Amino acid sequence: MSPNRRDVLKWAAGAGGLAAATTLGLPSTATAASWSARSWMGQLSNSLPVTALTIPGTHQTCANSGWPAAKCQDWDLGTQLGNGIRFLDIRLNGLQGSANEMGLYHAAFFMNKRFADVLNDCDYFLRNNPKEVIIMRVKNENSGGQALDAEEFRRRFNWHLDDPSMHFRPRFFTGDSWPTLGQARGKIVLLTDFDHTWTVLKWDTHCNIQDDYNVSDDEKRKAIVRCFDAAWSDRTTSKMFINFTSTAKGPVPEPSIGAQKIFPSVYAYLEPRKTQRARFGIVPMDFPNYRPDIMKLLIDKNFV
């Protein structure tokens, strides 16, 4: 997304309807009132596919510094994980001055964080919360003076996983189909969004994605509702539903303004359905700290 083209969603409260409820059979061992944000996945059944969950995530996970038009988060990565975020949107270019490392970027804007720092943060969290699962989209941002071609991006990615001082490769789940929670506990489920021929989960192949960011406010609203409805009614678990609430259409440059306007309507959609058993997949957000009640509604859905 171009960071100078952020707009807000004018998502009318309650717009759009859910499809008729279907029973997905979501086994749990806790109630909506008893989970902990730091360890909520650990209270769910090992046999549950991760695609059957409702998972709060962040859009441009590490965009928490710099120019307001490029900033999408207030929480740093460790704080996000501690508050229940389990999907990370990691976008990388080459790190200036390094022959091997990559850095976190929003387009050409460096977010003052290295990919190695992201991996260290995830490793620390999972060592202390070994029953949790992190789903990580890794995208070649391919922007600005630090853009990497496909071959160099693959080389640098492997360098991070194979460097003997880091020992990160065993931390990743790299299967070519979505795992159960039991298979993925303590792991980073790798979801690749860069060119390669590896047998792993791929962004465009293994996901049902709503990311219509360059459309009118009304069309974006309808797209979000359609994705929620589709995730609600689809009983299969071969693909992960991913429903971005972020948009980049119009003259308003700050993602924070968009978040303030969209969240009341997201709440109005979710709250009346809080007692209905369902899965909504991954919901990546800008500034989830603005509305912890929405974070709670999303995680609660796994314990209904």
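Phe263, Val266, Tyr267 and Leu270 of helix H6 meet Asp293, Ile294, Leu297 and Leu298 of helix H7, where contact means heavy atoms within 4.5 Å. By class, seven residues of this contact are nonpolar, none is polar and one is charged; Ala, Val, Leu, Ile, Met, Phe, Trp, Tyr, Cys and Pro count as nonpolar, Asp, Glu, Lys and Arg as charged, and the others, Gly among them, as polar. The model is predicted, with local features needing pLDDT of at least 70 and side-chain atom pairs pLDDT 80 or more, while totals for chains, interfaces and linings use all residues. Residues are numbered from 1 along each chain as its sequence is written, and side-chain values use heavy atoms, without hydrogens and water.

H6 spans residues 255-270 and H7 residues 292-300; they pack at an angle of about 35°, with their axes 10 Å apart. Axes are lines fitted to C-alpha atoms, for helices over the stretch in contact, and angles run from 0 to 180 degrees between N-to-C directions. Helices (H or I, at least four residues) and strands (E, at least two) are DSSP runs, numbered from the N terminus.

Strand S9 (residues 207-210) pairs with strand S10 (residues 240-243) in the parallel sense over four bridges; pairing requires that DSSP finds at least two bridges between the strands. Ile209 has Ile242 in S10 as its bridge partner.

Elsewhere, Asp117 lies in helix H2 (residues 115-128). Its relative accessible area is 23%, so Asp117 is partly exposed (buried is under 20%, exposed over 50%, partly exposed in between, with a 1.4 Å probe and protein chains only). The C-alpha atoms of Asp117 and Leu77 are 9.7 Å apart, across 40 residues along the chain.
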